[in-house]
Amino acid sequence: MTHPITARLKARLKIPVIGSPLFIISNPDLVIAQCRAGIIGAFPSLNARPLSQLEEWLERLSSELTESDAPYAVNLIVHKTTDRLMDDLALCVKYKVPVIITSLGAREDVNEAIHSYGGIVLHDVINNRFARKAIEKGADGLIPVAAGAGGHAGTTSPFALVAEIREWFDGPIALSGAIATGYGILGAEAMGADLAYIGSAFIATEEARADQRYKQMIVDSTSADIVYSDLFTGVSGNYLKPSIAAAGLDPDNLPKGDYSTMNFGSGGNTEAKVWRDIWGSGQGIGAVKSIVPAAELVARLAREYAEARARLLGPERVALAAE
């Protein structure tokens with residue numbers, strides 16, 4: 001039986017996907033395109049600067065998206081370095097943001113504020129211990145950020161991480177980690193997740209607020225071009241090797257970072273500006289062959305997802321499952 005919160009999340013989706021919030025890159029144009037294409041679109045609240053712009057974005061999303069579109073999500077960085085967290089949270093409550101994604105910390109007061117109007121809280125985690133803490137503090141669901149995910153990511157295999165969480169948790173799980181095809185979406189479901197959490201593939205879309213060179217680098221690169229390092233923000237993550245080299249660093253010999261210098265967007269550990277100069281990406285980008293509108297990317301994912309289901313189940317069983 002489907003968990004009730006999982007059912008709410010998936011009720012208006014064409015395919016079980018959340019477009020993950022991309023720091024600097026995600027914006028209302030991308031989110032609206034994702035939601036209208038039938039997946040949950042998301043953006044980090046810190047992408048809207050100054051704070052007044054966040055209210056403008058929320059007003060636009062609230063007025064332009066309808067019940068026929070998928071819901072949208074806002075990512076809140078719940079970390080002591082986020083000095084405008086409570087202001088961002090207040091605006092999310094004011095506009096009754098349907099889904100909130102919390103990162104780098106779990107706080108009961110944040111979860112309670114979102115629950116006050118019926119919002120859903122998903123928390124991203126890199127291990128089972130953090131997953132338990134998030135649910136204990138009131139999160140509704142989890143986003144296991146497994147090996148191969150873009151940006152800040154863990155090192156645990158998605159097979160192991162989802163299995164460990166499913167031993168005790170029956171609520172919504174959105175799996176993150178190198179998913180860039182419809183086959184990967186079905187694979188995430190097969191191992192126990194409810195949704196796929198896809199980010200890097202959306203960097204190479206027309207609506208994404210990314211440097212054109214960044215988009216083309218996503219198209220031109222594969223998993224061999226990804227470097228895992230904690231140098232740039234103090235938290236380990238995956239980055240494009242060519243962007244590191246272009247910033248004058250040796251991607252094969254990077255020093256260790258310092259967690260205490262964590263500073264999103266300013267690259268506290270180097271002179272390069274993260275994410276302006278050092279570009280994050282997951283390992284799944286080998287599937288990205290061109291820069292396309294977000295709706296076209298979602299259509300490809302949907303087509304591949306249907307093909308994967310037909311291949312494994314057979315056309316007759318797929319038809320029965322859809323009834």
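Is Lys289 buried or exposed? In this predicted model, Lys289 counts as exposed because its relative accessibility is 65%, and the threshold for that class is over 50%.

Let me place this residue in the chain. Lys289 sits in the loop that runs between helix H11 (241-246) and helix H12 (294-313). A polar atom of the Lys289 side chain lies 2.8 Å from the backbone oxygen of Gly286. As for Lys137, 152 residues separate Lys289 from Lys137 in sequence, and the C-alpha to C-alpha separation in space is 41 Å.

I turn now to the interior. In soluble globular proteins, nonpolar side chains tend to be buried together. Here, the largest nonpolar core comprises 95 residues. Those with the most contacts inside this core are Leu58, Tyr72, Val74, Leu76, Ile185, Ile198 and Phe202. With neighbours within four places in sequence left aside, Leu58 is in contact with Phe43, Tyr72, Val74, Leu91, Cys92, Tyr95 and Val97.

Finally, I come to a sheet. Three strands, in the order E7-E11-E10, make up an open sheet with antiparallel pairing. At its edges are strand E7 (151-152) and strand E10 (226-229), each of which pairs on one side only. Strand E11 covers residues 237-240 and runs antiparallel to E7, to which two bridges join it. Which residue in E11 is the bridge partner of His152? That partner is Gly237.

Key: Residues are numbered from 1 along each chain as its sequence is written. This is a predicted model: local features need pLDDT of at least 70, side-chain atom pairs count only at pLDDT 80 or more; totals for chains, interfaces and linings use all residues. Side-chain values use heavy atoms; hydrogens and water are left out. Helices (H or I, at least four residues) and strands (E, at least two) are DSSP runs, numbered from the N terminus. Buried means under 20% relative accessible area, exposed over 50%, partly exposed in between (1.4 Å probe, protein chains only). A polar contact is a pair of N or O atoms within 3.5 Å; within protein, one must be able to donate a hydrogen and the other to accept it, and residues adjacent in sequence count only if both atoms are side-chain atoms. A nonpolar core is a set of buried Ala, Val, Leu, Ile, Met, Phe, Trp, Tyr and Cys residues joined through side-chain atoms within 4.5 Å. Contact means heavy atoms within 4.5 Å. Two strands pair if DSSP finds at least two bridges between them.
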